[in-house]
Amino acid sequence: MNGAVELETIIGGISRGAIYALIALGYTMVYGILGMINFAHGEIYMVGSFAAIVTLAILTTLTSASFGLAGCLVLSMGAAMLVAAAFGFTNERIAYRPLRRSHALAPLISAIGVSTFLQNFVMNAQTKDKVDFPRAFSDPLWERKLEIVGVHVALIQLIVLAMAVGLMVLLHLFITRSRTGKAMRACSQDKTMAALVGIPVDRVISLTFAVGSALAAAAGMMFTMYNGQTRFDVGYTAGVTAFTAAVLGGIGNIPGAMLGGFVIGLVEDLTAYHLGADWKYVAVFALLITVLIVRPRGLLGERVADKV
């Protein structure tokens, strides 16, 4: 076993896992408040990846000002997060709010409808082929290597990990310190009592969708920059993997979603390294089944309503 290659694989898995964790947070936040799974969340991730690429194209072709590589990446991520937040907000208003008191299957079917709509909308508005991330922005980050404990690590891996962890820290501070975050936690525990004490429950739920969607868009841009391309149907695989991470960590539990994302990323990359890429999903779902047999609520799952 090559120790250096093994360590490189672990670093790559941690970086990939951080992206899965960002997507998983959207699932777990919505479930913590509504007790429902937003099955259109993967497509929001996909929309964010396209929005980032379009923004980069605009910055490099329609403006005379030079923002630099870092400036363009930051602006494109911000634009992608805003676009995805708008889609998430609209998704809640159209697909969930009118059906909140309906049979449990109604919002599920509605969310699947939104997912199908977004896939076909992007396919027709953009293209059904793969879209490359601008190499002028990603190649310099891949080419520059940093040596860490004797292992050469691509700068892009460290940037992705730093941005993802930074967003998780900001989310944690938002949830635990801000007034709106406290309102979200109150709604997750008891929406009726939250409304009685003056909390605008509908507004809080809409904001939860928007925040979760913004995090998914950031993950979409990072993953596209990391892999070099995106497609109109990439949201399905990423969404299922991130949902698996949320369940593995404990659905409705924010630290659990983060932990689950990192674990999934590590399992994928280590399995691909030792057994081949065809086995990574087998390993992921075998791990999920094993964990759920031992701990049905997930690694950190307890009472769901208390964890958002």
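The structure is a predicted model, in which local features need pLDDT of at least 70 and side-chain atom pairs count only at pLDDT 80 or more, while totals for chains, interfaces and linings use all residues. Residues are numbered from 1 along each chain as its sequence is written, and side-chain values use heavy atoms, with hydrogens and water left out.

One of these bridges joins arginine 97 to glutamate 92, with the closest N and O atoms 3.3 Å apart. Glutamate 92 is buried at 0% relative accessibility, whereas arginine 97 is partly exposed at 23% (buried, under 20% relative accessible area; exposed, over 50%; partly exposed, in between; 1.4 Å probe, protein chains only). Another links aspartate 139 with arginine 135, also listed at 3.3 Å from N to O. These residues stand 4 apart in helix α5 (residues 135-143), so about one helical turn separates them; helices are DSSP runs of H or I with at least four residues, numbered from the N terminus. Here aspartate 139 is partly exposed at 22% and arginine 135 is exposed at 58%. Arginine 231 pairs with aspartate 233, the closest N and O atoms being 2.5 Å apart; arginine 231 is partly exposed at 26%, as is aspartate 233 at 29%. Side chains of opposite charge can pair when their charged atoms come close.

Key: A salt bridge is a side-chain nitrogen of Lys or Arg within 4 Å of a carboxyl oxygen of Asp or Glu. Helices (H or I, at least four residues) and strands (E, at least two) are DSSP runs, numbered from the N terminus.
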